[in-house]
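Me: I'm new to this one. Can you walk me through some salt bridges and a sheet?

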Amino acid sequence: MFYLSRTELRLKTLLSTISPSSLNSQKMILNLNSLNLSSKTFSTTSKLRKRNTAAALIIASEILSGKIQDSNIKTLSTMLFDQGVDLVRVEIVKDDFNDIIESLKRISPKHTYIFTSGGIGPTHDDITYEAVAIANYQMINNSQLPDNMKANDLLEVHQQTLEQMKAAFKLRNPPVEVTPARLRMATLPKGCQTYFTPSLWVPIVCLKNIYVLPGIPTLFTKMIMANKHLFFSEVQSKMHRRFVYTNLQEGDFAFELADIQKEFQDFVIIGSYPQYNEHADWITMVSIEGDCEDVVNNVTELVRGAIKGKTELEELSEPNSTQSK
């Protein structure tokens, strides 16, 4: 097929320009018979390793109705990536007991960490603490609540949270009273763990593997970043990621990219993302992610040559204008 020989030529030309030192003494071998570079070049210790996984449940009718736009997932996914945890699922549900409970019971057993955002305020539609407590009860007992038990029976006033709330409210001008409605924000699932953030009275509430956070983005960000040490993988290393930008469209290099991914599927994950912005200086962004920085850098160079692209370090890039497909 024509595209094979065209890609072979691109990669062969690229390899002739790479010095041995830039490959960290690892020579990339071009297999002209199959187009692909040999993955045998890299040590088995450089392969992708199994990591802890996470899922997020956004509880907000206002997002589903278009009144506001979520920004917490961007914060959460970035933090988890840096911590070496794979965020593999995000769900959005309305402020409904049954919907929240159903989602939690379904995703909690499948993942290491579950994060919820929203629904912990003082109003009638803030029901996350109750729903988390009920879901946990049902998962433990494999049954519904008995007729003589209500959701409130699974909750209790958390004294440390209450004391910190009172202290924070006294400092406001004018001071704020702890009303029964506000007391709901300190009424947490029984047996939960709490993780506090400096300067904030509201804690991250954890019941089993479910971590409950507020929906307000400023609070969510402060709390999740202050407690990011709680979330990690046994691998104990972050993933490495590079980007390549090109003025080619995806259809121009899809086969070549697929061939490179197939050869290095045990070492890296390659993704392609187009954008439609006539003022941008690139059309398609390709990401290369993996556990071994040397492998990521070397495969990045191969991708760059195959798609006639340019590379930049992740922290210098702003790939926020790309489109989901």
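**Salt bridges and a sheet**

Reply: R304 forms a salt bridge with E301, with the closest N and O atoms 2.9 Å apart. A salt bridge here is a side-chain nitrogen of Lys or Arg within 4 Å of a carboxyl oxygen of Asp or Glu. This is a predicted model, where local features need pLDDT of at least 70, side-chain atom pairs count only at pLDDT 80 or more, and totals for chains, interfaces and linings use all residues. Residues are numbered from 1 along each chain as its sequence is written, and side-chain values use heavy atoms, leaving out hydrogens and water.

Me: Where do R304 and E301 lie?

Reply: Both lie in helix 10 (residues 293–306). They are three residues apart, about one turn of the helix. Helices (H or I, at least four residues) and strands (E, at least two) are DSSP runs, numbered from the N terminus.

Me: How many salt bridges are there by this rule?

Reply: Nine.

Me: Which parts of the chain does the pair D281 and K310 link?

Reply: The side chains of D281 and K310 meet in a salt bridge, 3.1 Å from N to O. This pair links distant parts of the chain, 29 residues apart. D281 is in the loop between strand 10 (268–274) and strand 11 (284–290), and K310 is in strand 12 (residues 310–313).

Me: And E91, is that buried or exposed?

Reply: E91 counts as buried, because its relative accessibility is 12%. Buried means under 20% relative accessible area, exposed over 50%, partly exposed in between (1.4 Å probe, protein chains only). E91 meets R89 in a salt bridge, 3.6 Å from N to O. R89 is partly exposed at 40%.

Me: New topic. What is the strand order in the open sheet of six strands?

Reply: The order is 2-1-3-8-7-6, with mixed pairing. Two strands pair if DSSP finds at least two bridges between them.

Me: Which strands stand at the edges?

Reply: Strand 2 (86–93) and strand 6 (193–195). Each has a single partner strand, so one side of each is left without a neighbour in the sheet.

Me: In what sense do strand 1 and strand 2 pair?

Reply: Strand 1 (residues 53–59) and strand 2 pair in the parallel sense, over seven bridges. E91 turns up again here, as the bridge partner of L57 in strand 2.

Me: What does helix 3 touch?

Reply: Helix 3 (residues 72–83) packs on the sheet and touches strand 1, strand 2 and strand 3 (113–117). Contact means heavy atoms within 4.5 Å.

Terms used
Axes fitted to C-alpha atoms, helices over the stretch in contact; angles between N-to-C directions.
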